[in-house]
Every structure is written in C-alpha cells, then in structure tokens.
Amino acid sequence: MGHRGCRRQQSLTLAAGWRAIENERVRAWKIEAGVSVAGGVVSRSGDKDFVDPILALRANYSPAPRWSAIAHIDHGVTGMGSDSTTQVVATLNYQITDRAYVSAGYRRLDVDCRSGGTRVDATMAGPPLGLTWRF
C-alpha cells in the first residue's frame, strides 16, 4: 500500500478594485509536496513557487441594513504562472459594529500547474469563516 499526500501549501491573493469593475489581481503560490510508497521505502518530494495574474468579478448585495452577500469568481491568465487557476467564493456577512463583520460561506480554489517535470493539480474547497476589520 502506498501513501500519497501534500505536505504544505500556501497561497496569497493581493487585490485592489473599484465598485463597478474589478481590476487585474495577482495570486502567489508556494507548494511543497511529498509522495511516499511502500511504507516509506521510496519517497520523493519537491517544491514549486509561481505567480498568476488573475481577472475577477465580484458582486455585493445587501438584503437588510446589517446583512450582505458577496459572490466572487476569478480566473488566472493562463500560461503566466500555472496552466489554470480558478476561484469561486460566496459569503453571507453580518456587520457587528461600524468596522467589524463576521462572514461564513463556501470557497473553491483550483490550480493546475505543469512545469519542468513538476505537476500540481489540486482543488481546495470548503466553508470559510471570517472576521473582517475595516479601517
């Protein structure tokens, strides 16, 4: 029996935009992966760093005074860092104070990168919980 898994992965998204139209964004990746076969008799590991410029759309809807819902989708400019990266986020947000918000929702982030003998094809999905402080 073999074991295969990802040891550690980090991604960072830097964003700036305007209310009506979002501008170009950047997502940076640092991935460290390892594979172990036959109980550790054979193992390989490696790491990969790359940056993807992304284009995004975001919509914000306020159904009540302290409530809002946000839908966000972005896609990487292919061929720049990875072969493909896409993110979809939907959250429901509640304003606790003038500056503090709590959020819950769903996020899915996909990346496919093939370069120099390294292939990363990963999907991370699940419910995010957040606290936002605006200043």
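Buried means under 20% relative accessible area, exposed means over 50%, and partly exposed is the range in between. The exercises below use these classes on a predicted model.

**Exercise 1.** Determine whether Trp 67 counts as buried, exposed or partly exposed.

Solution. Step 1: the relative accessibility of Trp 67 is 38%. Step 2: buried needs a value under 20% and exposed a value over 50%. Step 3: Trp 67 therefore counts as partly exposed.

**Exercise 2.** Describe the aromatic pair that the structure holds.

Solution. Step 1: a pair of aromatic rings is described by the distance of the centres and the angle of the planes. Step 2: the structure holds one aromatic pair, and its rings belong to Trp 67 and Tyr 94, with centres 4.8 Å apart and planes at 55°. Step 3: planes under 30 degrees apart count as stacked, over 60 as edge-to-face, and the rest as tilted. Step 4: with planes at 55°, the pair of Trp 67 and Tyr 94 is therefore tilted.

**Exercise 3.** Find which strands the pair of Trp 67 and Tyr 94 ties together.

Solution. Step 1: Trp 67 lies in strand E4, residues 67-76. Step 2: Tyr 94 lies in strand E5, residues 84-95. Step 3: the pair therefore ties together parts that are 27 residues apart in sequence. Step 4: Tyr 94 has 30% relative accessibility, so this residue counts as partly exposed.

**Exercise 4.** Name the residues of the nonpolar patch on the surface and give their accessible area together.

Solution. Step 1: Trp 67 and Tyr 94 are among the members of the patch. Step 2: Leu 92, Ile 96, Val 102 and Leu 131 also belong to it. Step 3: together these residues have about 550 Å² of accessible area.

**Exercise 5.** Identify the partners of the salt bridge and classify the accessibility of each.

Solution. Step 1: side chains of opposite charge can pair when their charged atoms come close. Step 2: the structure holds one salt bridge, formed by Asp 110 and Arg 108. Step 3: their closest N and O atoms are 3.0 Å apart, and the cut-off is 4 Å. Step 4: Asp 110, at 21% relative accessibility, counts as partly exposed. Step 5: Arg 108, at 36%, also counts as partly exposed.

Key. Residues are numbered from 1 along each chain as its sequence is written. This is a predicted model: local features need pLDDT of at least 70, side-chain atom pairs count only at pLDDT 80 or more; totals for chains, interfaces and linings use all residues. Side-chain values use heavy atoms; hydrogens and water are left out. Rings of Phe, Tyr and Trp (its six-membered ring) pair if their centres lie within 6.5 Å; planes under 30 degrees apart count as stacked, over 60 as edge-to-face and the rest as tilted. Helices (H or I, at least four residues) and strands (E, at least two) are DSSP runs, numbered from the N terminus. Buried means under 20% relative accessible area, exposed over 50%, partly exposed in between (1.4 Å probe, protein chains only). Patches are made of residues with over 30% relative accessible area and no salt bridge: like charges are joined within 9 Å, nonpolar side chains (Val, Leu, Ile, Met, Phe, Trp, Tyr) within 5 Å. Accessible areas come from the Shrake-Rupley method with a 1.4 Å probe; for residues, only the protein chains shown count as cover. A salt bridge is a side-chain nitrogen of Lys or Arg within 4 Å of a carboxyl oxygen of Asp or Glu.
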